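Look at the structure first, then read on.

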Amino acid sequence: MLGDFYSRWSGVIYVFFIVLAVLIVNRALQWALSIYVRRRDAAVHVWAHAFLDALGPPLRAIVWVIGLTVAASIFMRGGEATMLSKLFPPARNVVAILAVAWFFLRVTRQAEHNLHARAHKRGEVLDPTAADAIGKLVRAAIFITAALVIMQTLGFSIGGLLAFGGAAGIAVGFAAQTLVANLLGGLTVFASRIFKIGDDIILPGTTLAGTVRHIGWRATRVIGWDGKPFYVPNSYFNSSNLVNHSRLEHRSFTENLLLRYRDFDKVEAIVRKGNEVLAKRDDLNYFVFRFDSFGDAALKLQIYAWPQNTPEPTFLPYAEFARIKEDVLLTIASIALDEGCELIQPFSHVYLRDEEGQPAVPEPMVDSETGG
């Protein structure tokens, strides 16, 4: 009777012990890998930490595959379970391939995180655009390789599939021209690096300007300076101009100071004193302050300057640029006022017509002080 019971339930008993063994092995693997991962600093042992941290779940999946293979072989002993014998081997192979692909995807993700951690620890800045581009290319290669290996495992002819894909690709290309153009535009952005994540860009001819937040395969997400997000198809960057505002080498401004003609004798002193004061400033990389021209109703003095950061001449934020510009203009205006000059506001011509629609000639303006 005991032998009869054993012959009937031996398979179930074996499977029970196999599952128990798999659970024990997986628990031991999880415990051992967690110890090794904790002992390695992600910012120091970048790749060792990435491999060990990524290995856990895929390796436990492989252990399950091995355990289920042993269990299935028990049921398939003696020619029984013919359906299982046909379906299990290809399913097992597909799961094993997916587990390996899962491992490489986890390594890629963890390596990105570790490289950012190492750069932060060293006080360096890791280019997020290049990191994102490399990560996407690696993931795409893993997906494509896994798909091809799975199809080969399931009995599909890769050569025939590629030949069919070449013929069908032409039709698909015509049907998805915009998508292909956006993909190529994304590759162009990643390769040429005309901008990166965090750069401020301006699209001339449009009202779009803002900070790049994400560069995708189809579109680039930009947060406008008014806070509104907009999405620019990547094909735009292959055919249109773009201004990368974050790569300005310097900022400059040009302003005019308008004086009365009666103050012509004071222009030389104003220009001389203005240049003396501006030459003493260390926040101007370059400047020109000269008498520019005889205007229609005023003398025109022009100031052109390149403000810079101090003490090191690094790129100047706009707020600091506006402060320096304001200080320079107020300084020049103060010199003119100290010399007894009067500043003239910008003017424009206004042409009037009489009741019959004919141009009306305005009387000349008379200065009450000079009679001129």
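Arg-281 and Asp-283 form a salt bridge, with their closest N and O atoms 2.9 Å apart. A salt bridge here means a side-chain nitrogen of Lys or Arg within 4 Å of a carboxyl oxygen of Asp or Glu. The model is predicted: local features need pLDDT of at least 70, side-chain atom pairs count only at pLDDT 80 or more, and totals for chains, interfaces and linings use all residues. Residues are numbered from 1 along each chain as its sequence is written, and side-chain values use heavy atoms, leaving out hydrogens and water.

By this rule there are eleven salt bridges.

| Pair | Closest N to O |
|---|---|
| Arg-281 and Asp-283 | 2.9 Å |
| Lys-325 and Glu-255 | 3.2 Å |

Arg-281 is buried at 16% relative accessible area. Asp-283 is buried too, at 8%. (Buried means under 20% relative accessible area, exposed over 50%, partly exposed in between, with a 1.4 Å probe and protein chains only.) Glu-276 is partly exposed at 43%, and Arg-272 is partly exposed at 45%.

Salt bridges also link Arg-260, Asp-263, Lys-266 and Glu-342 in a network.

Strands β3 (residues 219-224) and β4 pair in the antiparallel sense over five bridges. Strands are DSSP runs of E, at least two residues, numbered from the N terminus; two of them pair if DSSP finds at least two bridges between them. Val-222 stands opposite Phe-230 in β4. Along β4 (residues 229-233), Phe-230 and Val-232 point to one face and are buried.

Key
Helices (H or I, at least four residues) and strands (E, at least two) are DSSP runs, numbered from the N terminus.
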